[in-house]
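Hi everyone, thanks for coming. Please take a look at the sequence and the fold on the screen, and then I'll walk you through a sheet and some charged pairs.

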Amino acid sequence: QVQLVESGGGLVQPGGSLRLSCVASGSDFSIDDMGWYRQAPGKERDFVTSITKGGRMLYADSVKGRFTISRDNAKNTVYLQMNSLKPEDTAVYYCFAAVRTMYSLYERWGQGTQVTVSS
């Protein structure tokens, strides 16, 4: 089974930056799309950004111009550079990956990493 492990969350002041990472591990797999969702307290999980294996990116309007997604296919890793952070960016950030094996295509989620933007 493929597992996703996120890192890089924490507490940051408004206007600050954080970089999240998510590594996929396992055997005999490849990854199509990767990306991030987030869930604030009392709210639904919302799409943040995604990137295809070929590098095509999508962003939620709320993060355009501030967040940048990238990936290293050789390392099965996706990154999220978050700049100009706002209090409303506070949430648990979840990594996802569309995992392809010889017999199936399925979605895998990480355990989440907390991002808190506060002075």
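Let me start with a definition: a residue is called buried if its relative accessible area is under 20%, exposed if that area is over 50%, and partly exposed in between, using a 1.4 Å probe and protein chains only. Now the ground rules. What you see is a predicted model, in which local features need pLDDT of at least 70 and side-chain atom pairs count only at pLDDT 80 or more, while totals for chains, interfaces and linings use all residues. Residues are numbered from 1 along each chain as its sequence is written, and side-chain values use heavy atoms, with hydrogens and water left out.

On to the sheet. Helices (H or I, at least four residues) and strands (E, at least two) are DSSP runs numbered from the N terminus, and two strands pair if DSSP finds at least two bridges between them. Here four strands make an open sheet, ordered β1-β3-β8-β7, with antiparallel pairing. β1 (3–7) and β7 (67–72) are at the edges with a single partner strand each, so one side of each has no neighbour in the sheet. On average, and ignoring direction, neighbouring strands are turned by 15° against each other; the axes are lines fitted to C-alpha atoms, for helices over the stretch in contact, and angles run from 0 to 180 degrees between N-to-C directions.

Look at β3 (residues 18–25) and β8 (residues 77–82): these antiparallel strands are joined by six bridges. In β8, T77 stands opposite V23.

Now the charges. Side chains of opposite charge can pair when their charged atoms come close. How many salt bridges does the structure hold? There are four, where a salt bridge means a side-chain nitrogen of Lys or Arg within 4 Å of a carboxyl oxygen of Asp or Glu.

One of them pairs D32 with R100, at 2.6 Å from N to O. D32 is in strand β4 (residues 30–39) and R100 in strand β9 (residues 91–100), 68 residues apart. R100 is partly exposed, at 37% relative accessibility.

Next, R38 meets D89 at 2.9 Å, N to O. R38 belongs to β4 and D89 to the loop between β8 and β9, 51 residues apart. Are they buried or exposed? Both R38 and D89 are buried.

D89 also forms a salt bridge with R66, at 2.7 Å, N to O. R66 lies in the loop between β6 (57–59) and β7, so this pair ties together parts 23 residues apart in sequence. R66 is buried, as is D89. Through shared partners, salt bridges join R38, R66 and D89 into one network.
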